[in-house]
Amino acid sequence: MRLTPVGAMVGGSVAAWTGVATLVGPSLMLEVLLGMLGPLVVAVVSWEMAQQTYRKNPERLTGLMVTAFAGKLVFFGAYVAVMLQGVSLEPVPFVVSFTAYFIGLHVVEALCLRRLFLEAASR
């Protein structure tokens, strides 16, 4: 059985959170969890939309990705503001967690897109 991109994203994120939460202890677990949650949800939704669009109509993928980029800018700006202002999280652990998951999940998404393109080219 092959691990799906969503399975890799969720499994890797939860495993990393578990490890980090064990290291930082209960006092910062929420900051690390919420730093992971936003980027993870967006990465999973973005991947599913990109994959479905590419399989149905590859020509529409670039437009979708441009639109998704704009939506991500708005969402992430609001998400970080709400987490830091509304939820009153400790800023440094939240921002470090958010940044690490944001970058890591975008790398995974890029590798998955590459694999999708290579599979399509080999047919």
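**Figure 1. Buried residues of helix H3 in the predicted model.** The residues of H3 that count as buried (under 20% relative accessible area, with over 50% called exposed and the range in between partly exposed, for a 1.4 Å probe and protein chains only) are Leu61, Leu64, Lys72, Phe76, Tyr79 and Met83. These buried residues pack against helix H2 (29-56) and helix H4 (91-121), where helices are DSSP runs of H or I with at least four residues, strands are runs of E with at least two, and both are numbered from the N terminus. Helix H3 itself covers residues 61-86, 26 residues in total, and reaches 35 Å from its first C-alpha to its last, close to the 38 Å expected at 1.5 Å a residue; that expected span is 1.5 Å times one less than the number of residues in the helix. The structure is a predicted model, in which local features need pLDDT of at least 70 and side-chain atom pairs count only at pLDDT 80 or more, whereas totals for chains, interfaces and linings use all residues. Residues are numbered from 1 along each chain as its sequence is written, and side-chain values use heavy atoms, with hydrogens and water left out.

**Figure 2. The whole chain, shown as context for the close-ups.** The secondary structure comes to four helices and zero strands, and along the sequence the pattern reads α-α-α-α. The C-alpha atoms fill a box of roughly 50 × 35 × 15 Å, taken along the principal axes, and 32% of the 123 residues count as buried. Among contacts (heavy atoms within 4.5 Å) with a separation of 6 or more, 75% are accounted for by residues 24 or more positions apart. The protein exposes about 7500 Å², of which carbon and sulfur atoms supply 72%, with areas taken from the Shrake-Rupley method and a 1.4 Å probe.

Figure 3. A nonpolar core is here a set of buried Ala, Val, Leu, Ile, Met, Phe, Trp, Tyr and Cys residues joined through side-chain atoms within 4.5 Å. The largest such core has 18 residues, and those with the most contacts inside it are Met9, Trp17, Leu40, Trp47, Leu61 and Leu105. Helix H1 (5-24), H2, H3 and H4 are the elements that give two or more residues to this core, and its largest share, eight residues, comes from H2. Apart from this core lies another, of eight residues, among them Leu34, Val42, Phe76 and Phe94. In soluble globular proteins, nonpolar side chains tend to be buried together.

**Figure 4. The surroundings of Ser13 and Leu40.** Ser13 has its place in helix H1 and counts as buried because its relative accessibility is 3%. Not counting residues up to four places away in sequence, Ser13 touches Ala8, Met36, Leu40, Tyr101 and Leu105. Leu40, with its neighbours within four places in sequence left aside, is in contact with Met9, Val10, Ser13 and Leu105. His106, found in helix H4, is partly exposed because its relative accessible area is 30%; His106 and Ser13 are 93 residues apart in sequence and 12 Å apart in space, C-alpha to C-alpha.

**Figure 5. Ala8 in helix H1.** Ala8 is placed in helix H1 and, because its relative accessibility is 32%, counts as partly exposed. With residues up to four places away in sequence not counted, Ala8 touches Leu3 and Ser13. The C-alpha atoms of Ala8 and Pro93, which are 85 residues apart along the chain, are separated by 24 Å.

Figure 6. Asn57 has its place in the loop between H2 and H3, and counts as partly exposed because its relative accessibility is 27%. Asn57 and Leu116 are 59 residues apart in sequence, and their C-alpha atoms are 13 Å apart in space. Ser88 is found in the loop between H3 and H4, and is exposed because its relative accessible area is 55%. Although Ser88 is not a glycine, it has a positive phi of about 60 degrees. Most residues other than glycine have a negative phi, and most peptide bonds are trans.
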